Amino acid sequence: MRTLTCLWPSKMLEVALGIGLWATGMSSLLCAQSGDVLPGSYQNSGSFFNRQLGTALRFNYHTQGYGTQDGVVSLGAMKVFNQEGATWFLDGQGTLSNDFGGGFNLGAGYRRLTNAPLLAFDPRRITGVGFWTDGQSTAADNFFTQLGFSFESLGDSVDLRLNGAFPLEQTKLSDPVRTAFGAPTYGGNEIYSGTETLTTDTAYSVVDGEIAARILDLEAWAFLGGYHLDGGADDGGGYRVGVRGYAVPDLALSLQVADDDIYNTNVMFGITWFVGRTHRANTPRGTILDRFREPVVRNDFIATTSIQSTQISNDVLTEQGTSNAFNVVHVDSSAAAGGDGTFENPFNSLAGIQAASQEDSIILVHSNSDFNNVNGLAANIVLQDGQRLVGEGMDATGNPVVHTIDSNELGTVGLPETAVGASELARPTIDATGVAGNLVALANNNEVNNFT
């Protein structure tokens, strides 16, 4: 006589979580006949599991590879619910990496034992599908999440797999990381204490398929797979080839080589220890039913890349003893016409200085500039109180001239170069032939320095 075994509410919550992810309706009380469920243990030698132990923990580590630029450590578990010739499963694990910090993988799926009459070498197969969600932090403290699916057809001789993973957000920008003080730079009409580094992280959608064949009569497979990465503006395809299997029944090893257009060539080694897995005998292989409890083979990471860029920091240097930012008016005879005196868009003539400057401004004329009345770039200069009119470049003896400023933030420092090596170029030349009146009209507390 068959008995009726029921999963009461304490178990129903776990089952409902997995089933809900499938959007599959079921009754509020899940029942199965005990004579029809997968047995708790097997009499044949080579069975890798003692079903009475319940949920088995697993510890995994793999080195860097395509999609991840550092090794990943994970601790997870898989809960299996037996049914007639099938199982539901819940799978979850936490991940940790020196490169991207913490993450997680959560999934729910269904596996069924099926007949495959067209495949004489594998008359019985396990067909499974699953849905997944993954989360992962990056080295720049951006956190990505993704949704995915898995399809698998497992046999005694040949396995087929197809996995997909799709990030909910494709790019994220990190908070700026400021460089150390001591490297002033120009921005607009101001001087900043340095630069900031920004990191742009891109998460890739991945579709990955493979075929795996058993090696001899061992619990080991050789596999060949292909995958496609899509990061929006950046995408590419690649391939994987390798071996995986059990060194002993509770220790699995893997080795693969991957090559693609984004991550180039990578070698990934992995090791998984199944804590609590037992076996009846140390035989080379088990039965196909043992594979109901194997974890789904899929990436335990979100494939990402990082690009760093540099921008001017937000720390404006201020004049010592005041709260006023330094005001610098840039002039460069080689600049395009229509400039506004900023570092990015200098004046190309001396004519616009007076209107664009203010008291105590620094009027910085870039090295190699040539102003004369023939090209129309020379003009009368009328300085305001406290203004400095200084030329970048070498002095008459061939030594670079350093114009200093006194700031609250950095103390006394030299004005930064307008370009690398600019201080070692020729100082500006002004030829005022034909310009009526004084070339430079002084006010109070002015400095005029380093011109030909």
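**Rings, charges and confidence**

The charged end of Arg111 sits over the ring of Phe89, 5.3 Å from its centre. That term requires NZ of Lys or CZ of Arg within 6 Å of the ring centre and within 35 degrees of the ring normal. Arg244 lies over the face of Phe223, at 4.1 Å from the ring centre.

This is a predicted model, where local features need pLDDT of at least 70, side-chain atom pairs count only at pLDDT 80 or more, and totals for chains, interfaces and linings use all residues. Residues are numbered from 1 along each chain as its sequence is written, and side-chain values use heavy atoms, with hydrogens and water left out.

Now the ring pairs. The whole structure holds ten aromatic pairs. Rings of Phe, Tyr and Trp (its six-membered ring) pair if their centres lie within 6.5 Å; planes under 30 degrees apart count as stacked, over 60 as edge-to-face and the rest as tilted. Phe104 and Phe143 are a stacked pair, 6.5 Å centre to centre with 25° between the planes. Phe104 lies in strand E6 (residues 101–115) and Phe143 in strand E8 (residues 143–154), so the pair ties together parts 39 residues apart in sequence. Strands are DSSP runs of at least two residues, numbered from the N terminus. Elsewhere, Tyr66, Tyr204, Tyr227, Tyr263 and Phe301 form one aromatic cluster.

How far can the model be trusted? Mean pLDDT (the predictor's confidence in each residue, from 0 to 100) is 82 for the chain, and 83% of its residues reach 70 or more. Over residues 1–54 the pLDDT is below 50. Residues 280–284 also stay under 50.

Note on methods: Contact means heavy atoms within 4.5 Å. Helices (H or I, at least four residues) and strands (E, at least two) are DSSP runs, numbered from the N terminus.
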